[in-house]
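Subject: Structure handover

Hello,

Here is the structure I promised to pass on. Please open it first, then read my notes below.

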Amino acid sequence: MRSDRLLATLLLLQTHGRLPAPEIARRLEVSTRTVQRDVEALSSAGVPVYCERGRRGGVALLEGYRTDVTGMTDDELRALVALGASADGGALGTALASASRKLLAAVPDARRDGVDRARRRLLVEHQGWRRAPEDLPALPALDAALVADERVRIHYATGDAADATWRTVDPYGLVSKAGTWYLVAAHRGQPKMYRVSRVRDVAATGTAARRPDERDLAEVWGELRDRLQAPSDEVEVRVRVDPAWAPTLRRVALAVQAGPWRLEGAGADGREVMTAPFRSLVAARAGLLGYGEAVEVLGPPELRDEMAAAAARVVALYTVPEQASPD
């Protein structure tokens, strides 16, 4: 316990430069006398720590003295610090968060700002929507834009590659949710999430990101995630419809819809693209799955994935051989 406290004292002094002994005692939940003994122990161990008297005095390290985390690149430091900051609750999560703070404090000043800024643009969630492994060719370019805190143009597909369009976004950061990566970014002043596997290309703009507010990644992501998962929240659904079914779908208002269908246009193959608000993702999946291949969901990406997963479960149900009944 004492070795942990000595290390904590050293890292506090590295981070703040000089602190009154009572303040160190308050932060470490020990007595002032214990702090004084710890300072003596650090000094005996060769750490250039000393005490200054007076109103502006306190415990301080000799100017220029730093411990360092050697052998680690900025990317490695950022990944470890982000892991600790994003850890789930429980004893292990608490330990990781504490280790993350200590690791960041041990980084020299010249590296700390960049590591901390990049760390705040990365979030990892270990629970959530189940997904298959993905190809992520755009991830390195997006990560580079986040490190540089730059606005970026993405070629993003809501459905297949034919639907990809260019859009300029101001990134808040990247989120890994149960192995699926999302870019959280503002588009035309509105925070949105983009699945990284659907980013076909990335173009740097060379200009600083201009987010509409100063909220951090965790806060914006939490709002977007909760909005998506809330069963009562409406969601705008975009579909491509077989021409034989398009007139029927235009006339039918499903009970789970929050508004009527709107026609966007028809493609060369005669299939119509339509949009409508639904009461929730779950409601949209339930209402559209019965149309089978006649209706293809183009967006949002989460609904398209849910439709594919539900269809796969139906196929699996009917391809498993039925067990013979006992005589």
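What share of the 327 residues of the protein chain counts as buried? The figure is 43%. Please keep in mind that this is a predicted model.

**Overall make-up**

The protein chain has 11 helices and 13 strands. Its accessible surface comes to about 18100 Å². Carbon and sulfur atoms account for 53% of that surface. I also looked at contacts between residues at least 6 apart in sequence. Of these, 63% join residues at least 24 apart.

**Confidence**

The average pLDDT of the protein chain is 78. A score of at least 70 is reached by 70% of the residues. Where is confidence lowest, and where is it highest? The lowest mean, 57, belongs to helix α5 (residues 90-106). The highest is in β5, at 94. Please treat one stretch with care. Residues 87-93 have a pLDDT below 50. Beyond near neighbours in sequence, that stretch has 5 contacts in the model.

**Aromatic pairs**

How many aromatic pairs does a search of the whole structure find? It finds 4. One of them joins Y182 and W221. Their ring centres are 5.8 Å apart, with 40° between the planes, and the pair is tilted. Y182 sits in strand β7 (residues 180-187), and W221 in helix α8 (residues 217-229). The pair therefore ties together parts that are 39 residues apart in sequence. Is Y182 buried or exposed? Y182 is buried, at 0% relative accessibility. W221 is buried too, at 0% relative accessibility.

A further pair is formed by W261 and F278. The ring centres are 5.8 Å apart and the planes stand at 70°, so this pair is edge-to-face. W261 is in the loop between α9 (246-251) and β11 (262-266). F278 is in strand β12 (residues 272-278). This pair therefore links parts 17 residues apart in sequence. Both W261 and F278 are buried.

**Helix α7**

Which residues of helix α7 (residues 139-148) are buried? They include L139, L142, A145 and L146. Viewed down the axis of α7, the buried residues fall within an arc of 125°, so they line one face of the helix. An α-helix has 3.6 residues a turn, so residues three or four places apart point the same way. The cover over the buried residues of α7 includes β5 (150-156), β6 (165-177), β7 and β9 (199-208). Just after α7 comes D149, with a positive phi of about 55°.

**Salt bridges**

The whole structure holds 16 salt bridges.

- E23 and R27: their closest N and O atoms are 2.7 Å apart. The two residues are 4 apart in helix α2 (residues 21-28), which means about one helical turn separates them. E23 is partly exposed, with a relative accessible area of 21%. R27 is partly exposed as well, at 38%.
- D213 and R215: the closest N and O atoms of this salt bridge are 3.3 Å apart. D213 is partly exposed, with a relative accessible area of 22%.
- R271 and E296: here the closest N and O atoms are 3.4 Å apart. This pair links distant parts of the chain, 25 residues apart. R271 is in the loop between β11 and β12, and E296 is in strand β13 (residues 295-299). R271 is partly exposed, with a relative accessible area of 28%.

**H187**

One last residue to look up. H187 lies in strand β7. H187 has a relative accessible area of 14%; the cut-off for buried is under 20%, so H187 counts as buried. What does H187 touch, leaving aside residues up to four places away in sequence? Its contacts are R167, T168, V169, K192 and Y194.

Best wishes

Methods. Residues numbered from 1 in each chain as written. Predicted model: local features only at pLDDT ≥ 70, side-chain atom pairs only at ≥ 80, totals over all residues. Heavy atoms only, no water. Buried < 20%, exposed > 50% of the residue type's maximum accessible area, 1.4 Å probe, protein only. Contact = heavy atoms within 4.5 Å. Areas by Shrake-Rupley, 256 points an atom, 1.4 Å probe, with all protein chains shown as cover. Phe/Tyr/Trp six-rings, centres within 6.5 Å; stacked < 30°, edge-to-face > 60°. Arc of directions from axis to C-beta. pLDDT = per-residue confidence, 0-100. Salt bridge = Lys/Arg side-chain N within 4 Å of Asp/Glu carboxyl O.
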